[in-house]
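Q: I want to learn how to read helix packing from a model. Can we take it one feature at a time?

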Amino acid sequence: MKKKAETTITAEQRREIASIASQIAIEKYRKEAEQAKEERRDKRLHNTKLLMEKYRGFVIHSQSAVYDAAQVRDDFDLEELLDIMNHSSEVGPRELAVVSVQESAAKTRILVHHIDRMLDYFKYCCEHSPKPEDARRYRVIYYSYIAEESEQKTFQQLAEEENVDISTIYKDHRAAIQQMSALIFGYID
């Protein structure tokens, strides 16, 4: 029969093991917290870019959404539509409203107003900055997202007009999106 070797851990060794394990756990926690922070930052940048890409559509939706029957003036089939929607004859066309569309339009108006205010502030800061790249960053955002579709420009066109390399325009775009993120969503660090 083989005899099992007994190992005895002293109190000092236990303290050393606990100390090392604690240090490893703390370091792992810090790394995970930093990774989560970076993911939030990346998501915020993605959301800002998406907001800017959809900005023109938001403006149109907030101004053009039809959510109340009173807004429908030229629909001769409104009564038929109400019947299809199973509304009783007691509800007149002026009393019909699609609440979800109405709420969506209101939320979109608020969002557009907030983005407009932040864009105005961003423009002001960029135009009053002593750094020429700040004014260029606003132009990159403006011609990429805000300008009418017929006025919008590609990064290549912007690079040629600004007499810079296209990589500079990409850097300006990323920096501008980061600044807009801070303005739209607040500073998250």
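Q: At what angle do helix α3 and α6 pack, and how far apart are their axes?

A: Some ground rules come before the case. This is a predicted model, where local features need pLDDT of at least 70, side-chain atom pairs count only at pLDDT 80 or more, and totals for chains, interfaces and linings use all residues. Residues are numbered from 1 along each chain as its sequence is written, and side-chain values use heavy atoms, with hydrogens and water left out. Helices (H or I, at least four residues) and strands (E, at least two) are DSSP runs, numbered from the N terminus. Axes are lines fitted to C-alpha atoms, for helices over the stretch in contact, and angles run from 0 to 180 degrees between N-to-C directions. Here, α3 (residues 99-127) packs on α6 at about 125°, with axes 10 Å apart.

Q: Which word describes how α3 and α6 lie to each other?

A: Angles under 35 degrees count as roughly parallel, over 145 as roughly antiparallel, 65 to 115 as roughly perpendicular and the rest as oblique. So α3 and α6 are oblique.

Q: Which residues of α3 and α6 meet?

A: Contact means heavy atoms within 4.5 Å. From α3 come His-114, Ile-115, Met-118, Leu-119, Tyr-121 and Phe-122; from α6 come Ala-176, Gln-179, Met-180, Leu-183 and Ile-184. For classes, Ala, Val, Leu, Ile, Met, Phe, Trp, Tyr, Cys and Pro count as nonpolar, Asp, Glu, Lys and Arg as charged, and the others, Gly among them, as polar. The α3 contact with α6 has 9 nonpolar, 2 polar and no charged residues.

Q: How do α4 and α6 pack?

A: Read the angle again. Helix α4 (residues 132-146) meets α6 (residues 166-185) at about 85°, with axes 9 Å apart. That is why α4 is roughly perpendicular to α6. By class, this contact holds 7 nonpolar, 3 polar and 4 charged residues. Among them are Glu-133, Arg-136 and Arg-137 in α4, and Asp-172 in α6.

Q: What span should α6 have, and how far apart are its end C-alpha atoms?

A: The expected span is 1.5 Å times one less than the number of residues. The 20 residues of α6 should therefore span 28 Å, and the end C-alpha atoms are 28 Å apart, which agrees. Just after α6, Gly-186 has a positive phi of about 90°.

Q: Which residues of α6 are buried?

A: Buried means under 20% relative accessible area, exposed over 50%, partly exposed in between (1.4 Å probe, protein chains only). In α6 the buried residues include Asp-172, His-173, Ala-176, Met-180 and Leu-183. Across the protein chain, buried residues make up 24% of 189.
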